[in-house]
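Colleague: I would like to go through the labels attached to this model one by one. For each, please give the value, the cut-off and the conclusion.

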Amino acid sequence: MTTTDTALHAADAVFMAEQAVGRARHVVEELHTTINSALGVLDDAELDSAKARLSDRGDYYLEAAGEHLSRLQRRCSDNAELTDELTGHLERASQAVADAHDVLRDADTTDPVLARDVAQLKPRLAVVGEMIDLAKPMARLAAQHVESAHLAAQQATPPSLLEPVTLERSIATAGKELGRADEDVRLLENVVDHAAASARQSAGIATEITDNARRRMAEQGRVQIPRQAAPSVGSPAR
C-alpha cells in the first residue's frame, strides 16, 4: 500500500467513526426525550393513584393510573429499541476507530506532512475510542434501569388495581428506576458529546490528510506526463 493509499484509508475510517458517533449522539438525545416523557407519564399515574385514596371515585382513578402505567410500558419499549440502536452505532464507531489505528500504525511517516498529520490525529482518535469504551457500559446500565421500570409497570395488572398498595409500589419502583436511567443518560450525553467533539476534530485532520494525498497524486501525474512524451535517447533525427 502506497503512502497515499494509507492516508486515504485512514481518512475513510475516521470519517466513518465521526458519522457513527454523530448518529449515536442523536439517539442519546432521543433517549433523553423519551425518558423525560416516561417520567411525565409516571407523574400522572402517581397523581391518579393519590386521588384514588382521597376521592370517593377511587375505582375511576385507579383505572386511570393503570392506563398511565400501560403508556409507561410503551415508553419503556421505545427506550429499549433506542438503546439497541445506540449500541449499534457505538460498535460501528469503535470498529472504525480500531481500523483507523491499524492503518496509522503502519503509515510511512517518512513524509513529513503525513507524519505531522498522523501525530495530530492519533491522540484525538484515542480520545474518541476512550469515550466510546466508556459510553458502552453506560448505555447498557441505562437499558437495565429502563427494563426494571418496565417490569415494575407490568406489575400493575387489572387485579392489582384493586390493591392501591400494590399499585403504589409499582409506581415507586418504576419511578426509582427511571430516575436512575435519566441520570445514566445525562452522563451518557456528556460522554458522547465529548466523543463527538473529538471525532469532528479528527475528521478535520482527516480532511487535510485526504487533500494532501490527492495533491501528491496530482503532482505525480504531472511529473509522469512529460516523461512519457519525451523521445527516447538515441532516436534518429528526422
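Colleague: What makes the pair Asp-117 and Asn-212 a polar contact?

Modeller: The model is predicted, and in it the side chains of Asp-117 and Asn-212 come to 3.2 Å of each other. The cut-off is 3.5 Å between N or O atoms, one able to donate a hydrogen and the other to accept it, so the pair is called a polar contact.

Colleague: Where does Asp-117 lie, and what else does Asp-117 touch?

Modeller: Asp-117 lies in helix α3. Leaving aside residues up to four places away in sequence, Asp-117 touches Ile-205, Glu-208, Ile-209 and Asn-212.

Colleague: Is Asp-117 buried or exposed, and how do you know?

Modeller: The relative accessible area of Asp-117 is 1%. Buried means under 20%, so Asp-117 is buried.

Colleague: And why is Asp-111 given the label buried?

Modeller: Asp-111 has a relative accessible area of 18%, which is under 20%, so the label is buried. Asp-111 is found in the loop between α2 and α3.

Colleague: Why is the pair Asp-193 and Arg-25 called a salt bridge?

Modeller: Their side chains meet with N to O at 2.6 Å. The limit for a Lys or Arg nitrogen and an Asp or Glu carboxyl oxygen is 4 Å, so the pair counts as a salt bridge. The two residues belong to distant parts of the chain, Asp-193 to helix α4 (residues 164-229) and Arg-25 to helix α1 (residues 3-54), 168 residues apart. In general, side chains of opposite charge can pair when their charged atoms come close.

Colleague: What makes Asp-193 and Arg-25 partly exposed?

Modeller: Asp-193 is at 32% relative accessibility, and Arg-25 is at 32% as well.

Colleague: How many salt bridges does the rule give?

Modeller: The count comes to seven. Among them is Glu-177 with Arg-180, at 3.3 Å from N to O. Another pair is Asp-182 with Arg-186, whose closest N and O atoms are 3.1 Å apart.

Colleague: How are these two pairs placed in helix α4?

Modeller: Glu-177 and Arg-180 are three residues apart in helix α4, so about one helical turn separates them. Asp-182 and Arg-186 are four residues apart in helix α4, again about one helical turn.

Colleague: Which members of these pairs are buried, and which are partly exposed?

Modeller: Glu-177, at 9%, is under 20% and so is buried, whereas Arg-180, at 37%, is partly exposed. Asp-182 is buried at 10% relative accessibility, and Arg-186 is partly exposed at 44%.

Colleague: Which residues of the largest nonpolar core touch the most other members?

Modeller: They are Val-21, Leu-72, Leu-86 and Leu-188, in a core of 64 residues. Two or more residues of this core come from each of α1, α2 (58-105), α3 (112-154) and α4. The largest share, 18 residues, is from α1. In soluble globular proteins, nonpolar side chains tend to be buried together.

Colleague: What does Leu-72 touch beyond four places in sequence?

Modeller: Leu-72 touches Ala-38, Val-41, Leu-42, Ala-153, Ala-174 and Leu-178.

Colleague: What is the secondary structure of the chain?

Modeller: The chain has four helices and zero strands. Of its 238 residues, 41% are buried. Among contacts with a separation of 6 or more, 88% join residues 24 or more positions apart.

Colleague: Where is confidence lowest and where highest among the elements?

Modeller: Confidence is lowest in α4, with a mean of 83, and highest in α3, at 91. The chain averages a pLDDT of 85, and 87% of the residues score at least 70.

Colleague: Over which residues does pLDDT stay under 50?

Modeller: That holds for residues 223-238, where the model has zero contacts beyond four places in sequence. Where pLDDT is low, the predicted coordinates should not be read in detail.

Definitions and conventions: Residues numbered from 1 in each chain as written. Predicted model: local features only at pLDDT ≥ 70, side-chain atom pairs only at ≥ 80, totals over all residues. Heavy atoms only, no water. Buried < 20%, exposed > 50% of the residue type's maximum accessible area, 1.4 Å probe, protein only. Core = buried A, V, L, I, M, F, W, Y, C linked by side-chain atoms within 4.5 Å. Contact = heavy atoms within 4.5 Å. pLDDT = per-residue confidence, 0-100.
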